[in-house]
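User: I am new to this entry and would like to know what stands behind the words used for it. Please show it to me, and I will ask as we go.

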Amino acid sequence: VTPKIMLRNPISLVSNEMNNLAKHVMGLISSGHPTLNRVTSYYFEAEGKKVRPLLVLLISKALSTIPINERNNLKIDKSDIPDDPVYSQPPQLTILENPLSNISPLHILHGIKPLNPLTKGPEPIPEASFDNDNGILPKQRRLAEIVEMIHTASLLHDDVIDHSETRRGRPSGNKAFTNKMAVLAGDFLLGRATVSISRLRNPEVVELMSNSIANLVEGEFMQLKNTAVDNNLNTIDEGRKELPPSIGKFTNDLHDYRVPINDNLLTSKDAMINTAFEYYLHKTYLKTASLISMACRSSAILSGASPEVVDSCYEYGKNLGICFQLVDDMLDFTVSSENLGKPARADLKLGIATAPVLYAWREDPSLTELILRNFTQPGDVEAATKSVIQHNGVQKTKELAEKYRDAALANLRSSFPESDARSALEFLTNTILSRRK
Ligand code: FPP
Ligand code: MG
Ligand code: MG
């Protein structure tokens, strides 16, 4: 038997959908305010990796290869995405001041095109353009678009939180438009993503995708640090040296990892590192893997897959998502800002100890102090970086990422029969570890 050559460009199977992704998203996020439109579309203009929608589309295609008799046929959702009633029946506004025109001097001053109450808002995507032969259902394609919208919203917010000045080789949204606009644009994208999620008309999918948004925020909260860089740069907290008393005890410090040993509140370093690692992986699931895994699960539900397949798609997303973030945390140590298109060596400066540091910590007890004070003293970042190199923290992180990759590959094999789409997913899963940005 000649071995099948697995080298297939994973995008080629869904290139139509990928090429139209940004255009479709633009239709979902247009507003009546030109500047808001510029901020919300800003990150879609630069070429991102778009790995999340690519995954959703490939999973959807792989799901279509499962024989109908192995699915609950009645549940396969082939229906079109309904037009939103709010858009189809715009409220009839009564303009009291000037019945002939709804353009006020304020509109003119700010260059705002007023919302015409008779416009229908974003056009629904003409489903006639959908290539039914590709096996991807209209709602699965929309799901891919929703995932990219949620991800982009989180990037707009993330760059504000991280004080990042670059993203995708350009000034970040906060830098190009101000923090306020970046935050509001992220909120707007989330609002429109929520509209699109509800239009999928599947309560289970609504619940999953809503939870993924909540999980993103919880994961981000888990890694908030009260560091000098935040206090110095955050405009609201400017000059603040301590958290406001209203916050009370802030529970993101390793001080909270002290675990009772022999009924005493003694701290064992090993116990602390183990707890820190569990905390790190839980945070990683929430901040990165949850969105992917919930979307994989949702795609399987829309295809009417069996509960076993729904579960293994979810497991695939979880394992792949954690692998993806482990690689991200490695690249923060190994690749330059120029090559990443965003700030490198950022995590330590933000006070965040990721897997490479946690591995080095096992060998190097002197890191405890630095980690506990979130690398805030002069020289801490350099010392921690040196320790990571000396104790092979990056290599060990790579080995952990390989374990998650292998688990993800096993999930693929238990989810789908052999097909081009499955091969493409295997290829994509393998490339996560060799990516350089
Ligand atoms: C990138 O991480 C950021 C995330 C994976 C999630 C960020 C989530 C929030 C800011 C919560 C708000 C969420 C929504 C949905 C508005 P990173 O900073 O490690 O990566 P980077 O190097 O790409 O900046
Ligand atoms: Mg960031
Ligand atoms: Mg961040």
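User: What share of the contacts in the protein with a separation of 6 or more comes from residues 24 or more positions apart?

Analyst: That share is 79%. Two residues are in contact if their C-beta atoms, placed from the backbone, lie within 7 Å. This is a predicted model, where local features need pLDDT of at least 70 and side-chain atom pairs count only at pLDDT 80 or more, while totals for chains, interfaces and linings use all residues. Residues are numbered from 1 along each chain as its sequence is written, and chains are lettered from A and ligands numbered from 1 in the order in which they are written.

User: How many helices and strands are there, and what makes a run count as one?

Analyst: The protein has 19 helices and 2 strands.

User: Why is Ile273 called partly exposed?

Analyst: A residue is buried if 20 or more other C-beta atoms lie within 10 Å of its own, exposed if 12 or fewer, and partly exposed in between, with C-beta atoms placed from the backbone. Ile273 has 19, so it is partly exposed. Ile273 belongs to helix 11 and, leaving aside neighbours within four places in sequence, is in contact with Leu358, Trp361 and Arg362. Ile273 and Trp361 are 88 residues apart in sequence but 7.6 Å apart in space, C-alpha to C-alpha.

User: What makes helix 15 largely enclosed?

Analyst: In helix 15 (residues 355-363), 7 of the 9 residues are buried, so the rest of the structure largely encloses this helix. Among those buried are Val357, Tyr359 and Trp361. The cover over the buried residues of helix 15 includes helix 11, helix 12, helix 16, helix 17 and helix 18.

User: Which residues have the most contacts inside the largest nonpolar core, and what makes it a core?

Analyst: They are Leu58, Ile59, Met149, Cys323 and Val357, in a core of 87 residues. Helix 12 (residues 307-334) gives the most to this core, with 13 residues. A nonpolar core is a set of buried Ala, Val, Leu, Ile, Met, Phe, Trp, Tyr and Cys residues joined through C-beta atoms within 7 Å. Not counting residues up to four places away in sequence, Val357 touches Leu367, Ile371, Ala384, Val388 and Gly393.

User: How do you know that the length of helix 9 agrees with what it should span?

Analyst: The expected span is 1.5 Å times one less than the number of residues. For the 20 residues of helix 9 this gives 28 Å, and its end C-alpha atoms are 28 Å apart, so the two agree.

User: Why are the buried residues of helix 9 said to line one face?

Analyst: Seen down the axis of helix 9, its buried residues fall within an arc of 90°, so they line one face. The arc is that of the directions from the helix axis to the C-beta atoms. The buried residues of helix 9 include Leu208, Ser212 and Leu216, whereas Pro203, Ala214 and Phe221 on the other side are exposed.

How values were computed: Helix = DSSP H or I, 4+ residues; strand = E, 2+ residues; numbered from the N terminus.
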